[in-house]
Amino acid sequence: MNPLDAALQARLDQRRADQLYRQRRTLDSAQGPRVRLGGRELVNFCSNDYLGLAADPRLRTAAQHALDGWGVGSGASHLVCGHTRLHQALEERLAAWTGRDRALLFSTGYMANIGVISALVGRGDHVLEDRLNHASLLDGGLLSGARLQRFLHNDVDSLGDKLRRISAGQALVAVDGVFSMDGDLAPLPALAATSAQHGAWLMVDDAHGLGVLGDSGAGSCEQLGLGQQQVPILMGTLGKALGSFGAFVAGSETLIESLIQFARPYIYTTALPPSVAAATLAAVDIAAAESWRRETLQILIARFRRGASQLGLNLGASDTPIQPLLLGDSARATAWSEALLARGFWVSAIRPPTVPAGSARLRITLTAGHETADIDHLLEALDDLQRKHG
C-alpha cells in the first residue's frame, strides 16, 4: 500500500471504529414517499422533498420542453454565454415570490453561501454565526478571511454580547432560517433587530423553510413578516421543497450587482442547465398556488408529534417537517436506523460531526406525499424498538 493510501486507510478505520462511517445507498426509483432500494419498496422518511414535487409530472414536462428547445447544457457561466431567458425568468420569479428586488442563481446552496460571505466580508471584518448553522455557512465564514465567531443556538443575547465587542470592521450575521438537523426556527425578528442595532448585516439561509413556511410558501421571512429591509440577504435552495436543483440569493439591486462582480463561485461556475431552470419555474408556481401541500404537511407533523409524545419518544422542539429523534449514542442511532430499514422504513442516522457529540439522532422528515397510515406505522415501529432496546 502506498503512503497516501496507508494514511487514509488509518483514518477510515478510525471512523468505522467510532461508529461514524458514512455509506451511500443506490436508489432504483425516483424520489417519493415510497422508493425502491435493493429490490425492496421502502417508505422514505429521510428525503428533503417536503412538498412531494421531485417527481411531479408537471416539472418533468417543463424540463422536457426546455430540453427540446434549449438542449442539455448551458455551455458556460452566466457571465460568458450561459445565461438564458429561462434563467432570467426564474430569477425574476424568485425575487417576486420572496419580496426582494432581485435574485441571483447559484449552482448549489453550498456555493451560494461560500460565495456570498466571501464577497461581502474579508480580513478585518467579522462573521457571527449560530453554533448549529449548516456547514456551508460555517465554511463560508472560515474561507472569507473574516474573524468567525459562533454564538449560542438561537440566543439573541449571546449574539448581542459579541456584536457589542466589535470596534472595527463590518459585521455579518448568518443563520439558518430552519435548522437542518433540529428543525427549529431561528428567532429572526429579534436577530434582525439586534443586527440592525449594531449596524450588522443579516443573512438568512432558508434552505429548509422555502416552500414549507409562509402563506405562499416563500419561507421563514414571509411567515414572520420580515422584508428586505430587515433581512437584506436571503438564500434559498431549489432542490428541497421545490424538488429541483440549485440555489439563489435574493436582495437589493446593489447586493445582486455586487455578487455578480465579486462572488467567485458565481463568476467561475457553469450555469444551471436551462431545463432545470424551467422545471424550477414550474415548481415555484405549484408551491405558491397549492397551499394544500403545506396544510397536509402540518397535519402530518402534528399527528407524528402527538403520537411520539404519547410514546415518550425524545423529539426535538420542531414544528417543521424535520423531526429529530434524539438517541445520543452513534451506535444506537445506527442500530435503530438499520432496524427500521429491515421493517421497510428508510430513516437516516445522523451522527457527529454533522451534529454535536452526544446528540446522534434519527432525522425523520415528513412530506406532503406521506399518508396518515405511513405515520402511524412508523410510530408503531419506533414504539417496538423502544420497548426492545430502550
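In this predicted model, strand S6 (residues 171-176) and S7 run parallel and are joined by 5 bridges. Strands here are DSSP runs of type E with at least two residues, helices are runs of H or I with at least four, and both are numbered from the N terminus. Two strands count as paired once DSSP finds at least two bridges between them. Residues are numbered from 1 along each chain as its sequence is written. As the model is predicted, local features need pLDDT of at least 70 and side-chain atom pairs count only at pLDDT 80 or more, while totals for chains, interfaces and linings use all residues.

The link between these strands goes by way of a helix. Together, S6, helix H8 (residues 188-197) and S7 form a right-handed β-α-β unit; right-handed means that, with the strands pointing away from the viewer, the path from the first strand over the helix to the second runs clockwise. S7 also pairs with strand S8 (residues 233-237), again through a parallel arrangement, this time with 3 bridges. Here valine 204 has leucine 234 in S8 as its bridge partner. S7 (residues 201-205) is largely enclosed by the rest of the structure, because 4 of its 5 residues are buried. Buried stands for under 20% relative accessible area, exposed for over 50%, and partly exposed for anything in between (1.4 Å probe, protein chains only).

Most residues other than glycine have a negative phi, and most peptide bonds are trans. The peptide bond from proline 352 to proline 353 is cis, with omega near 10°. Proline 353 itself falls in the loop that runs between strand S12 (348-350) and strand S13 (360-365).

Back in the loop between H1 and S1, glycine 32 turns up as well. With a relative accessibility of 16%, glycine 32 counts as buried. Its C-alpha atom is 6.9 Å from that of alanine 55, a residue 23 positions away along the chain.

Methods: Side-chain values use heavy atoms; hydrogens and water are left out.
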